[in-house]
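The report begins with the pairing of strands and then turns to the packing of helices.

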Amino acid sequence: MNAASGARSNRDWAAEIPPANDLGRTTNPVRTAEDRVIAANVEFYRQIADKYESYEPYLFDKVLQQRLENDLDKIGCYFDSLGRTPCCLECGGGTGNLTLKMCARGWNVTVVDISEHMLNVLKERALRKGYSPNLVRSSIERFLESTNETSDLIAFSSVLHHLYSYPSVVWNAASQVRPGGVFYSNWDPAIPRNAFWARAFDSIEIAAAKFLLDPRDFLPGIWRRTQKLIRKQDSLFPRPVVWAGDLAEYHAKTGVNDRQIIRLLERNGFVTVEHTRFPVGRTKVGQIVNERLRLNEHFKIIAQRSSNQI
């Protein structure tokens with residue numbers, strides 16, 4: 001996900017991301033980094049919740065939405081033998097794109113999301129359709145660490161790149177999938193084959209998408225990028241931090257290691273049902289160009305846990 005900021009200044013944005021020494025709950029640097037990225041996501045989505053649906057291309061692309069329906073149909077086939085309603089956990093439900101499709105199939109759905117604003121949008125959309133998913137406001141990291149509940153499906157939709165320590169999250173999630181259950185992840189960026197050209201292409205794409213879909217943030221976006229050229233690296237992260245998005249979309253530029261995720265799942269007794277990479281674009285022109293160049297790719301993983309796992 002990559003969306004625009006609100007009306008407040010970049011200085012305000014940066015001020016609301018707690019510095020490492022203000023969190024003070026642990027001396028563990030990984031935990032401290034996680035907490036800062038979590039705080040950045042809270043602020044990031046506080047600003048964009050109301051316009052998120054109109055900015056993310058995959059949310060209004062009919063072809064991509066049909067692919068999601070097809071994925072859920074495939075996953076649903078594994079639930080036919082349960083003899084009961086499947087219990088599903090969505091990690092990072094956002095405004096409900098995946099949640100509502102699962103609810104429409106009659107599945108019991110719990111959604112955990114750190115953003116109160118996104119959950120409020122999801123709740124309103126669900127009520128309009130007569131659905132009542134269980135909504136939990138928590139970071140994904142802390143929720144998975146604290147719960148003993150297991151699920152028939154644990155799903156991530158464009159979420160893993162927002163998590164500082166996504167391998168540990170995947171490991172914890174995989175251990176909480178019931179025997180015969182499914183792990184599903186989709187729409188996260190893969191590690192690019194050529195980082196330089198991927199970043200150059202993405203910069204052009206972001207500018208074009210801002211201009212077309214969020215013109216009010218076009219010039220502020222250019223100003224943020226200019227600031228990052230002259231600002232020193234953050235004391236905790238190997239990058240300058242100008243606004244919440246610089247931490248909230250932590251792995252958006254570098255990508256998520258999908259092969260590592262497959263290995264973690266296999267160690268938890270999963271068999272890969274489907275693993276694909278596909279080119280993406282923020283605009284129609286960008287999509288057409290990237291279909292040929294494949295500079296930026298997202299990935300999908302559907303994996304089933306062995307029925308013999310305890």
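## Strand pairing

In this predicted model, strand β5 (residues 177–189) and strand β7 (residues 297–305) run antiparallel and are joined by 7 bridges. Within this pair, Asn-186 stands opposite Lys-300 in β7. Strands of a sheet can pair in either a parallel or an antiparallel way, through backbone hydrogen bonds.

The parallel sense is found where strand β2 (residues 108–113) pairs with strand β3 (residues 134–137) over 4 bridges, and there Val-112 has Val-136 in β3 as its bridge partner.

## The sheet as a whole

The strands belong to an open sheet of 7 strands with mixed pairing, whose order is β3-β2-β1-β4-β5-β7-β6. Its edge strands are β3 and β6 (270–279), each of which pairs on one side only. On average, neighbouring strands of this sheet are turned by 15° against each other, if direction is ignored.

Helix α8 packs on the sheet, where α8 touches β2 and β3, and the direction of α8 makes about 170° with that of β3. Together, β2, α8 and β3 make a right-handed β-α-β unit.

## Two packed helices

Helix α7 (residues 97–104) packs with helix α8 (residues 116–129) at an angle of about 25°, and their axes are 10 Å apart. Because angles under 35 degrees count as roughly parallel, α7 and α8 are therefore roughly parallel to each other. Their crossing is right-handed.

On the side of α7, the contact is made by Asn-97, Thr-99 and Leu-100, while α8 contributes Leu-122, Arg-125, Ala-126 and Lys-129. The residues of this contact divide into 3 nonpolar, 2 polar and 2 charged.

Note on methods
Residues are numbered from 1 along each chain as its sequence is written. This is a predicted model: local features need pLDDT of at least 70, side-chain atom pairs count only at pLDDT 80 or more; totals for chains, interfaces and linings use all residues. Side-chain values use heavy atoms; hydrogens and water are left out. Axes are lines fitted to C-alpha atoms, for helices over the stretch in contact, and angles run from 0 to 180 degrees between N-to-C directions. Angles under 35 degrees count as roughly parallel, over 145 as roughly antiparallel, 65 to 115 as roughly perpendicular and the rest as oblique. A crossing is left-handed if the near helix is turned anticlockwise from the far one by less than a right angle, and right-handed if clockwise. Contact means heavy atoms within 4.5 Å. Ala, Val, Leu, Ile, Met, Phe, Trp, Tyr, Cys and Pro count as nonpolar, Asp, Glu, Lys and Arg as charged, and the others, Gly among them, as polar. Two strands pair if DSSP finds at least two bridges between them. A crossover is right-handed if, with the strands pointing away from the viewer, the path from the first strand over the helix to the second runs clockwise.
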